[in-house]
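Have a go at each task before you read its solution.

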Amino acid sequence: MISGNLGPHTLSVLLCQGNGTLREPLTVPVGRFPHYRAFGDWNGDGHLDLAVVAAGDDAVDVLLGDGTGQLRKVTSYPVGTNPHGLEAGDVNGDGHLDLIVSNRSSRDLHVLFGDGTGAFVAAPPIPVGQDIIALAAADLDEDSRLDLVLVSATSHVVILLRGDGQGRFAPFALQKAGE
Ligand SMILES: [Ca+2]
Ligand SMILES: [Ca+2]
Ligand SMILES: [Ca+2]
């Protein structure tokens, strides 16, 4: 169980013990206003790792887990302004998990390509032109390449972006959502 504490800028990890009770929480410092989270094994060691949007720093913090519930923050990657969504998935098909961040104020996406060691390489931002408040990744057209679903806050549209399997995305549908 992982919770983001907005005040002290830490994450708390609550571990379930064998008898169903919770151990004392472990805390790890992260950037300001930790918000959206994504899980995956970034470095392929079999232990679950974490990425968290530090909304107050316009950054994504990457933490590596050691399998006992301990998390170690290794890097902070700058993204766009007011990041408001985070997903993990392999968008370029190299077998390593990548991170996709949607930025509400700069109206764009950032893709961070994982190299399988826990490090990520940022691609140039992808302009979206909408203030995105929600992001999901799924293969919508069943071509085995991850696509994206974005939700805009003020224009009430759902934007579907088709992934090309190389980490690039192009719009292929815009749907008016309920207001
Ligand atoms: Ca790991
Ligand atoms: Ca990848
Ligand atoms: Ca697809």
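The exercises below go from the whole chain to single residues.

A note on conventions: this is a predicted model, so local features need pLDDT of at least 70 and side-chain atom pairs count only at pLDDT 80 or more, while totals for chains, interfaces and linings use all residues. Residues are numbered from 1 along each chain as its sequence is written, and chains are lettered from A and ligands numbered from 1 in the order in which they are written.

**Exercise 1. Overall build**

Work out what the protein chain is built from, and check its radius of gyration against that of a compact globule.

Solution. Start with secondary structure: there are 0 helices and 16 strands in the protein chain. Helices (H or I, at least four residues) and strands (E, at least two) are DSSP runs, numbered from the N terminus. Next, take the radius of gyration, computed over C-alpha atoms; the globule rule is 2.2 Å times the number of residues to the power 0.38. For 179 residues a compact globule would come out near 16 Å, and the protein chain has 17 Å, which agrees. Finally, the box filled by its C-alpha atoms is roughly 50 × 35 × 30 Å along the principal axes.

**Exercise 2. A two-faced strand**

Look at strand β2 (residues 10-13) and sort its side chains by face.

Solution. First, recall that side chains in a regular strand alternate between the two faces of the sheet. Buried means 20 or more other C-beta atoms within 10 Å of the residue's own, exposed means 12 or fewer, and partly exposed is in between, with C-beta atoms placed from the backbone. Then find the partner: β2 runs antiparallel to strand β3 (residues 26-29), joined by 4 bridges. Strands pair if DSSP finds at least two bridges between them. Thr10 sits opposite Pro29 in β3.

**Exercise 3. Sheet and core**

Solution. Inside it, β5 (residues 49-54) and β6 (residues 59-65) share 5 bridges, and Val53 has Val60 in β6 as its bridge partner.

Val53 and Val60 also turn up in the largest nonpolar core, which has 39 residues; they are among the members that touch the most others, as is Leu86. A nonpolar core is a set of buried Ala, Val, Leu, Ile, Met, Phe, Trp, Tyr and Cys residues joined through C-beta atoms within 7 Å.

**Exercise 4. Loop residues**

Which loops hold Ser144 and His156, and are these residues buried or exposed?

Solution. Ser144 is in the loop between β13 (132-138) and β14 (147-152). It counts as exposed because it has 9 C-beta neighbours inside 10 Å. Its phi is positive, about 70°, although it is not a glycine.

His156 is in the loop between β14 and β15 (157-163). With 12 other C-beta atoms within 10 Å, His156 is exposed. Its phi is also positive, about 55°, and it is not a glycine.
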